[in-house]
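Q: Please guide me through reading several features of a protein model, from strand pairing to helix packing.

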Amino acid sequence: MFQNLINHINHHLPFLKDKKLLLAISGGIDSMVLLHLFSKMNREIAVAHCNFQLRGAESDGDEEFVKIQCEKLKIKSFIQQFETEKFAQENKLSIQQSARSLRYHWFEEIQTKEGFDYLLTAHHLDDSLETFLINFTRGTGIEGLTGIPQINGKIVRPLLIFSREEIKKYAEENNIDWREDSSNASDKYFRNKIRHQVVPILKELNPSLLNSFQNTVHNLQQTQQIAQKEIDTQWTAVSTIDGENCYLALDKIKSLAQYPAYLYAWLQPYGFTAWEDIADLVEAQSGKQILSAHYRLIKDRTHLILSPINKKSEEEYVIVETDFQIDFPIKLTFCNQSYISTPTSTSIFVDKEKLKFPLQLRKWKEGDYFYPSGMQGKKKVSKFFKDEKFSLVEKENTWLLCADNEIIWIVNHRADQRFLATSKTKNIININLLK
């Protein structure tokens with residue numbers, strides 16, 4: 001097994017050579033074999049162990065065991081205890097999701113702080129098969145049927161070519177000590193049910209199941225690579241980035257055969273799961289939106305707009321005086337001027353005598369109205385937005401410059417004629433929006 005691993009690394013993971021490696025070690029048989037193998041390679045390694053405090057004295061025993069083994073091997077160890085149950089309750093996550101989030105976040109912190117090039121985990125071929133079956137059972141796309149990836153950014157899983165049986169045999173032949181996790185025997189976890197009840201039957205039906213699985217995964221990975229190239233090409237064709245927002249052209253989306261499949265591939269990384277609703281959004285009325293945990297997808301007249309969900313602030317930004325510049329939330333300059341030039345969408349000229357200081361910069365509210373320059377009478381801001389065909393995102397990102405809560409300027413769009421400077425104005429202020 002040791003020589004097979006050396007050959008595998010030389011042919012498929014050559015980038016690990018001369019790198020600083022952090023090994024995720026639980027104390028179980030898989031991770032202890034990983035530690036044993038890499039300690040024989042004369043590489044720069046260290047160990048990271050998580051105590052999730054879920055099994056009382058057993059968890060503490062695992063921690064102590066890993067410490068002792070590292071001391072014997074003269075390998076540096078990093079140990080961290082987590083309040084996993086508390087984290088799960090506060091974040092409304094399962095224990096498994098919480099443990100995964102906590103450990104990988106901590107691993108990343110160690111890698112950054114201590115300068116480790118890669119994190120190695122002890123996942124093996126049976127783990128990958130179980131993941132395949134779990135995803136298949138729950139429903140997934142092609143990416144969920146390719147097992148556990150051997151390389152995922154700075155995470156590498158060098159034991160994926162070995163079965164659980166091979167690892168156990170190596171541990172016994174080399175007198176490697178390990179700790180048994182009692183939770184692995186319980187079928188209350190979905191993965192354990194797959195491991196204990198489903199996989200044995202499949203292996204009975206096909207004694208070469210793991211070899212068949214490896215071939216299947218290899219074929220699916222190649223298919224996924226071909227599909228991903230097409231997905232990336234079409235994403236470039238239909239998408240336009242503007243600041244934090246991404247605009248997906250509806251006419252180009254509709255021209256794609258089986259466009260719901262493209263939408264799934266594009267949007268799945270942003271946490272969306274309501275695929276039928278998303279497909280229906282293409283033909284829905286403007287303004288309808290679908291939310292994920294951190295993003296929203298909005299139907300506009302000509303585009304689907306993908307944007308991050310930002311917490312709205314009710315704060316008003318106060319401009320105290322003239323002759324100065326503000327840089328947040330937008331850049332505006334206020335300058336006294338002796339003449340009036342031609343106004344533009346980004347530059348207006350107002351009569352200082354008509355203003356009540358301090359001025360306010362805020363977002364629009366229901367019921368807001370103003371007197372648009374070049375028009376007779378007043379108009380609701382909501383009606384102005386509708387007539388100008390503003391998208392929901394554009395409405396939310398538009399700022400109003402106000403004096404005593406009366407609108408001076410819908411910034412970058414239309415001024416209120418009540419405040420504009422005229423030929424009789426003595427004190428002119430030029431307000432400019434800077435990009």
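Predicted model: local features only at pLDDT ≥ 70, side-chain atom pairs only at ≥ 80, totals over all residues.

Q: How many bridges join strand E14 to E22, and do the two strands run parallel or antiparallel?

A: Strand pairing is read from the bridges between two strands. Here strand E14 (residues 331–337) is joined to E22 by seven bridges, and the pair runs antiparallel. Within this pairing, Phe334 has Ile431 of E22 as its bridge partner.

Q: How many bridges join strand E15 to E22?

A: Strand E15 (residues 347–351) is joined to E22 by five bridges, again in an antiparallel arrangement. Phe349 is bridged to Asn430 of E22.

Q: How many of the residues of strand E22 are buried?

A: Burial is judged from relative accessible area, with buried meaning under 20%. Strand E22 (residues 428–434) is mostly covered, with six of its seven residues buried.

Q: Which residues have the most contacts inside the largest nonpolar core?

A: A nonpolar core is a set of buried residues joined through their side-chain atoms. The largest one here has 31 residues, and Leu23 and Phe38 have the most contacts inside it. Helices H1 (2–12), H2 (29–39), H3 (57–73) and H7 (164–173), together with strands E1 (21–24), E2 (45–51) and E4 (118–120), each supply at least two residues of this core. H2 gives the largest share, seven residues.

Q: Which residues does Phe38 touch, apart from those up to four places away in sequence?

A: Phe38 touches Leu5, Ile9, Leu21, Leu23, Arg43, Ile45, Leu120 and Pro158. Another core, of 22 residues, lies apart from the largest one; among its members are Trp399, Leu401, Val411 and Ala415.

Q: At roughly what angle do the axes of helices H6 and H8 cross?

A: Crossing angles of 65 to 115 degrees count as roughly perpendicular. The axes of H6 (residues 125–138) and H8 (residues 190–205) come within 10 Å and cross at roughly 105°, so the two helices are roughly perpendicular to each other. Their contact includes Leu129 and Leu133 of H6 and Ile194 and Val198 of H8. By class, eight nonpolar, two polar and seven charged residues make up this contact.

Q: Is Phe52 buried or exposed?

A: Phe52 lies in the loop between E2 and H3. Its relative accessible area is 16%, so Phe52 is buried. Leaving aside neighbours within four places in sequence, Phe52 is in contact with Phe82, Thr84, Ala99 and Arg103. The C-alpha atoms of Phe52 and Glu63 are separated by 9.9 Å, the two residues being 11 apart along the chain.

Conventions
Residues numbered from 1 in each chain as written. Heavy atoms only, no water. Buried < 20%, exposed > 50% of the residue type's maximum accessible area, 1.4 Å probe, protein only. Helix = DSSP H or I, 4+ residues; strand = E, 2+ residues; numbered from the N terminus. Core = buried A, V, L, I, M, F, W, Y, C linked by side-chain atoms within 4.5 Å. Contact = heavy atoms within 4.5 Å. Axes fitted to C-alpha atoms, helices over the stretch in contact; angles between N-to-C directions. Parallel < 35°, antiparallel > 145°, perpendicular 65-115°, else oblique. Nonpolar A, V, L, I, M, F, W, Y, C, P; charged D, E, K, R; others polar.
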